[in-house]
Amino acid sequence: MPTSLIGKDGPAPLPEGKHKLFYFSAHWCPPCKRFTPKLIEWYNKRKAAGNDDVEVIFMTNDRDQASFEEYYGDMPWLAVPFEDRHTVVQKMSKALGVQGIPTLVLFDAENNLLNNDCVPAVTNDRPFPFVPPNVIDVADGISVLGADINTVPALIAYLQYADDDDQAAVVEKLEEMALAVKESMGEGEPSMIFLTAKDESRTSRKILELTGQEDKIEGNITYMILHLQDQGAYYLKILDESDDPVESLTAYVDTFRSNKSSLEKHQMK
């Protein structure tokens, strides 16, 4: 944890008894400059409502002091000084596995890591504290349980054609499966992650384009297992109207785990 911070009135200590959101960002980064106003709005709303249980700390990736000062000038929270970017920011970034910016990492009041990807939570106005989900929609990201679709097998349930009851039942089953994985993973990676595509989004379309399935799933609940670590492999289950969505999901995942070779294997384009 950084021990020397600055605020608008000069040097400041690390806040005690509060959650801490470490904001890795930079003036030169276009996605950061789009996200920063949203974070400022979220922060100011909490303060205005009398909620003083969290502090944001800017972790600069700026290239010079002038850029840092200009960018930080609009921020209402604390910051690691620019001169500490190598000794503090870069070391903490490496320790947390930060791979890109903007990144927003949440620690609790006792300095325990709670969530290393809070940008979607702020963007989608989720309740605080941002407890990381066990299942995520691809519109919000491709990382969950500390892994993403590029590092472990990932099941995506395309549910935009499901009615409300079927969608709710499938999501409930996915949560059950994800919780079982979470409880068994220990300190390692999850054996599989679970995602939904409840509505069409840029990410859901891109995955369908890369797999060549954009015209084949229309009108149907579809389960896709991405196993990109296996030379871009993926597996597809398009349900018929007579299929029970939850039973089909359970059987499909069980088969992948126990007898993957019996499933038809496809390769990414």
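Let's start with proline 102, which sits in the loop between helix H3 (85-96) and S6. In this predicted model, a cis peptide bond links isoleucine 101 to proline 102, with omega at about 5°. There is another cis bond between phenylalanine 128 and proline 129, where omega is also about 5°. Proline 129 belongs to the loop between H4 and S8.

Most residues other than glycine have a negative phi, and most peptide bonds are trans. With that in mind, have a look at asparagine 111: it isn't a glycine, yet its phi is positive at about 70°. Asparagine 111 is in the loop between S6 and strand S7 (113-115), and it counts as partly exposed because its relative accessibility is 32%. Leucine 145 also has a positive phi, near 55°. You'll find leucine 145 in the loop between strand S9 (143-144) and strand S10 (147-148). It is buried, with a relative accessible area of 14%, and the cut-off for buried is under 20%.

## Helix H1 and its surroundings

Helix H1 covers residues 30-48, 19 residues in all. From first C-alpha to last it reaches 28 Å, close to the expected 27 Å. Just after H1 comes glycine 50, with a positive phi of about 85°.

Cysteine 32 has 0% relative accessibility, so it counts as buried. Cysteine 29 counts as buried too, because its relative accessibility is 3%. If you're wondering about disulfides, the count is 0.

## The six-stranded sheet

Now for an open sheet of 6 strands, in the order S8-S12-S11-S13-S14-S15 and with mixed pairing. S8 and S15 are at the edges with a single partner strand each, so one side of each has no neighbour in the sheet.

Strands S13 (residues 222-227) and S14 (residues 233-238) pair antiparallel over 6 bridges, with leucine 226 opposite tyrosine 234. Their hairpin has 5 residues between the strands, and in it glutamine 231 takes a positive phi near 55°. S14 also pairs antiparallel with S15 (residues 266-267), over 2 bridges. There, tyrosine 234 stands opposite histidine 266.

Nonpolar side chains tend to be buried together in soluble globular proteins. Here the largest nonpolar core has 42 residues, and Leu155, Phe194 and Tyr223 have the most contacts inside it. The elements supplying at least two residues each include strand S11 (154-158), strand S12 (193-197), helix H6 (202-211) and helix H7 (245-259). Helix H5 gives the largest share, 6 residues.

What does leucine 155 touch? Leaving out residues up to four places away in sequence, its contacts include Leu174, Phe194, Tyr223, Leu249 and Val253. A second, separate core has 28 residues, among them Cys29, Ala79, Leu104 and Val122.

How values were computed: Residues numbered from 1 in each chain as written. Predicted model: local features only at pLDDT ≥ 70, side-chain atom pairs only at ≥ 80, totals over all residues. Heavy atoms only, no water. Pairing = 2+ DSSP bridges. Helix = DSSP H or I, 4+ residues; strand = E, 2+ residues; numbered from the N terminus. Expected span 1.5 Å × (residues − 1). Core = buried A, V, L, I, M, F, W, Y, C linked by side-chain atoms within 4.5 Å. Buried < 20%, exposed > 50% of the residue type's maximum accessible area, 1.4 Å probe, protein only. Contact = heavy atoms within 4.5 Å. Disulfide = S-S within 2.5 Å.
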